[in-house]
Amino acid sequence: MLHTTAAFDRIGEENAFAVLARATALQQSGKDVINLGIGQPDFSTPAHIVEAAVKALRDGHHGYTPATGLLATREAVVRRTLTTTGVEVSPEQVMIMPGGKPTMFAAIVMFGEPGAEILYPDPGFPIYRSMIEYTGATPVPVPIREENGFAFSAEETLALITEKTRLLILNSPANPTGGVTPRAEIEKLVKGLADHPDVAILSDEIYDVMTYDGEAATSLLAFPEIADRLIVLNGWSKTWAMTGWRLGWSIWPAGGAGRKLYDNVRKLAVNCWSCVNAQSQFAGIAAIDGPQDDVAAMMAAFDRRRKVVVEGLNALPGVTCATPKGAFYAFPNIKGTGWKAKKLASALLEEAGVALIGGPDFGVLGEGYVRLSYANSEENIRRALERMGTFLAEHPARS
Ligand code: PLP
């Protein structure tokens, strides 16, 4: 009998990967499946970024890099942060990570332990809760409501803070809802956090520039009053279509009580993954400093698809869909169909050839919703909507 730790009995998953595996298996068996399940851009990484990685390898960058990342890559992140937020951070605050998720892991294991409480968005990215449970801390869901435009509510968030709260996780623009929290709400939250100086904040800003209608997302970095307890998660995966490169960054407190956090994450890297490979980091510099036309073209395509998705979903019987303000997800309300969300997602995949994710995979408040990623062609999106319409018209809800 092998005795693994109880922590691993509590660890969760990201069902989007299971749906992707099932969709791929169905496709391999000859079934025509349209995949609106997985959250990754359907575009290739821009060519100049790929070239930078190839050049780095040809130039002989084959060895370990510093645990915190190459200075040049950290400096590129500093430039990028100044451009997007107007805030000047120091390269000594920047940590280059193997993707966005490792920052989540680092922050949650740094603050989570039995007896501690960690607040996280529900519905939200499933790994937050999974990692909180792994540490033995108590997960405290912060409701993210459709009637609030899928923004988080400062009042509701602050009301959930107790003397046991160690970490508050925020995500805007958000997965799975596409919600973007307005600046005024964030200001209100930051003001309220002054009464809770021992609560650290993890702000997941991986979709920071993926917004629509000229509305920019507000970074928590804009608030110096919380700078000594703020961790910002970001990365290359979504903005530059680099999910497979495993490249992300985070920004940690420069001083005050929070300075030791950076040393903690550096040590975690040394113990765990050592460093991020050099070629990805050179690619990351090219992504930040190079032309942004491909990013703009990708966002223009997402915007066109967003309109197709929202219009198409609202035309389906029993379905209503708010217009997402950011990321590349729609989170329609399917309560009017009578279907339970996960049952509908599974029936649509198996019987109609449309892969999407049931809302409960993102938290209990996800019931009554499904998530569609519009990282697929307009033509495929239209075909998927047509299939969904036919399926819903022909199939009454199954319990
Ligand atoms: N944070 C959010 C909100 C996400 O949606 C994702 C990916 O889907 C990540 C973090 C993880 O990004 P990465 O693939 O770079 O680890």
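1. Basis. Residues are numbered from 1 along each chain as its sequence is written, and side-chain values use heavy atoms, with hydrogens and water left out. Since the model is predicted, local features need pLDDT of at least 70 and side-chain atom pairs count only at pLDDT 80 or more, while totals for chains, interfaces and linings use all residues.

2. Helix α3. This helix covers residues 47-58, 12 residues in total, and its first and last C-alpha atoms are 16 Å apart, close to the expected 16 Å. The expected span is 1.5 Å times one less than the number of residues. Helices (H or I, at least four residues) and strands (E, at least two) are DSSP runs, numbered from the N terminus. Just after α3, Gly60 has a positive phi of about 95°.

3. Ile49, Ala52, Ala53 and Ala56 are the buried residues of α3. They lie on the same side of the helix because they cover an arc of only 95° around the axis, the arc being that of the directions from the helix axis to the C-beta atoms. An α-helix has 3.6 residues a turn, so residues three or four places apart point the same way. Ala47, Lys55 and Arg58, on the other side of α3, are exposed. Buried means under 20% relative accessible area, exposed over 50%, and partly exposed in between (1.4 Å probe, protein chains only). The buried residues of α3 pack against α10 (278-289), where contact means heavy atoms within 4.5 Å.

4. The ligand. The ligand is surrounded by 14 residues, and the closest are Asp204, Tyr207, Ser237, Lys238 and Arg246. A residue counts as near if one of its heavy atoms lies within 4 Å. In the side chain of Lys238, an N or O atom is 2.6 Å from an oxygen atom of the ligand. Asn175 places a polar side-chain atom 2.8 Å from a ligand oxygen atom, and a polar backbone atom of Gly100 is 2.8 Å from an oxygen atom of the ligand. On its own the ligand has 400 Å² of accessible area, of which the protein covers 94% (Shrake-Rupley method, 1.4 Å probe).

5. Asp361. This residue is in the loop between β11 (357-358) and β12 (370-373). Asp361 counts as buried because its relative accessibility is 16%. Not counting residues up to four places away in sequence, Asp361 touches Asn15, Pro126 and Lys342. The side chains of Asp361 and Lys342 are joined by a polar contact of 2.6 Å. A polar contact is a pair of N or O atoms within 3.5 Å; within protein, one must be able to donate a hydrogen and the other to accept it, and residues adjacent in sequence count only if both atoms are side-chain atoms.

6. Tyr369. The loop between β11 and β12 also holds Tyr369, which is buried at a relative accessible area of 6%. Beyond its neighbours within four places in sequence, the contacts of Tyr369 include Phe150, Phe331, Ile334 and Pro360. A polar contact of 2.6 Å links the side chains of Tyr369 and Glu146.

7. Phe152. The loop between β4 (138-143) and α7 (154-159) contains Phe152, which is buried at 5% relative accessibility. Phe152 and Pro182 are 30 residues apart in sequence, with their C-alpha atoms 9.0 Å apart in space. Leaving out residues up to four places away in sequence, Phe152 touches several residues, among them Ile144, Leu170, Ile186 and Leu189.
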